[in-house]
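Please read the numbered points with the model open.

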Amino acid sequence: MTDNAPKNSLTLLGLGDMGTALARTWLAAGHRLTVWNRTAAKAGALAAEGAVVAASPAEAVAANGLVVICLLDDATVGSALDGVVLTGKDLVNLTTGTPAEGRARAAWAEERGARFVDGGIMATPTMIGVPGAGGYVFYSGSRALFDTHRATLEVPAGARFVGEDPGHAALHDVALLSAMYGMFAGISHAYALIEGEDIAPKDLAPLLSEWLGAMGFFVGNAAERLTSRDFTTGVVSNLAMQTAASGTLLRTAEQQGVSAELISPYLDLMRRRLTADPAAHGGEDTAGAITLLKR
Ligand code: NDP
């Protein structure tokens, strides 16, 4: 930091649901916090809790060396900070974006004389400031910035630095969220299958949780196979068998009157891998199908 503000002093731009949750944890921890939000009324309650309310992004940024940004999207970050002097500032951007946006925003910050770290928040606002809730934030970009402000950044949630490429925080964030939506898709399909039957969702729930937990082995197994590029050694449920069995899944969906739209893309991918070369791929683990996805 290049200013004389105390080390536990920072600025926060954005007081949406997430920004407000972040602000509260820093205030509760005794940090001196300056805030700005487009809709000024949202800052009222925080002012009562000790926050200094700035009238503009420029005023907020000028107040501290460390500036945390938690706005809607990358375009909003660009417009809010348009023309604001950033020389010597340490910018931590917790706004969700793509890896490319993270890299472009880092270059943009550097051109303006600021250090930059991008962040990906793996938490909901209710998990912020709740130790043990499991929330954390991925950070990437300037290691020096992260090391300087680590203690402050760890107040609202755990901090995991994933490298100096400013796109990697967003990439980790999106990878985990994408896996989560795939899991939600499978769970949604499972509940749709039992709808109208004499099986209560709450009775299926523990069985689903247990099964998904047991199948979690695929995470590490696929990582090992992608590293070794060996998709055949030690396979216990091969692709030929699984592709044949997938017909049962699709027929069951049809018989239950359930759309297969959430599960058929993955089953199609397995079939595509198999039919490309049944002799070569029939004995593979399903992890081999991952290689078809990269365009
Ligand atoms: P909200 O929709 O609650 O808040 C959006 C914020 O962006 C507000 O401060 C809003 O200001 C501001 N904003 C929107 N448009 C503009 C604009 N044109 N100019 C200036 N400011 C603008 O979102 P959250 O607080 O929940 O999310 C903030 C970031 O955190 C997002 O990138 C989100 O993806 C990320 N995030 C959120 C999570 C969540 O569960 N909520 C989880 C993980 C990440 P105003 O109050 O004036 O509308």
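Which residues lie nearest the centre of the second largest pocket?

1. **The second largest pocket.** The model under review is a predicted one. In the second largest pocket, G16, M18, C70, L71 and L72 lie nearest the centre, and the lining comprises 26 residues. The volume of this pocket is about 580 Å³.

2. **Who supplies the lining.** Four elements each contribute at least two residues to the lining of the second largest pocket: helix 1 (17-28), helix 4 (74-80), strand 6 (115-122) and helix 7 (168-194). Sorted by class, the lining has 12 nonpolar, 10 polar and 4 charged residues.

3. **The protein as a whole.** The secondary structure consists of 12 helices and 8 strands. The C-alpha trace spans about 65 × 45 × 30 Å along its principal axes. Of the 295 residues in the protein, 42% are buried. Among contacts between residues at least 6 apart in sequence, 59% join residues at least 24 apart.

4. **The cavity.** The count of cavities of 30 Å³ or more comes to 1. About 40 Å³ of space lies in the largest cavity. Its lining is formed by D74, N93, T95, T96, G97, T98, E101, G102 and D118. By class, the lining of the largest cavity has no nonpolar residues, 6 polar ones and 3 charged ones.

5. **Helix 5.** The buried residues of helix 5 are P99, G102, R105, A106, W108 and A109. They pack against helix 4, strand 5 (90-93), strand 6 and helix 7. After helix 5 comes G113, with a positive phi near 80°.

6. **Strand 8 and G158.** G158 is found in strand 8 (residues 158-161). With a relative accessibility of 30%, G158 counts as partly exposed. Leaving aside residues up to four places away in sequence, G158 touches G135, Y136 and V137. G158 and P131 are 27 residues apart in sequence, and their C-alpha atoms are 8.6 Å apart in space.

7. **Helix 9.** For helix 9 (residues 217-228), 12 residues at 1.5 Å a residue should span 16 Å; the end C-alpha atoms are 17 Å apart, which agrees. N221, A222 and R225 are buried in helix 9. These residues cover an arc of only 100° around the axis, so they sit on the same side of helix 9. V219, E224 and T227, on the other side of helix 9, are exposed. An α-helix has 3.6 residues a turn, so residues three or four places apart point the same way.

8. **The loop after helix 9.** R229 follows helix 9 and is placed in the loop between helix 9 and helix 10 (239-255). Phi of R229 is near 60°, a positive value in a residue other than glycine. Is R229 buried or exposed? R229 is exposed, its relative accessible area being 52%.

9. **D285.** D285 lies in the segment after helix 12 (278-281). At 9% relative accessibility, D285 counts as buried. Not counting residues up to four places away in sequence, D285 touches F218, N221, R225, F231 and V235.

10. **Helix 10.** The 17 residues of helix 10 should span 24 Å at 1.5 Å a residue, and the end C-alpha atoms are 24 Å apart, which agrees. L239, T243, S246, G247 and A253 are buried in helix 10. Seen down the axis, these buried residues fall within an arc of 130°, so they line one face of helix 10. The face turned away from the buried side carries the exposed residues A244, R251 and Q255. What do the buried residues of helix 10 pack against? Their packing partners are helix 7, helix 11 (264-276) and helix 12.

Methods: Residues numbered from 1 in each chain as written. Predicted model: local features only at pLDDT ≥ 70, side-chain atom pairs only at ≥ 80, totals over all residues. Heavy atoms only, no water. 1 Å grid on protein atoms, 1.4 Å probe; cavity = no way out; pocket = protein on both sides within 12 Å on 5 of 7 lines; lining within 4 Å. Points joined across faces, edges and corners; volume = space filled by probe spheres on them. Nonpolar A, V, L, I, M, F, W, Y, C, P; charged D, E, K, R; others polar. Expected span 1.5 Å × (residues − 1). Buried < 20%, exposed > 50% of the residue type's maximum accessible area, 1.4 Å probe, protein only. Arc of directions from axis to C-beta. Contact = heavy atoms within 4.5 Å.
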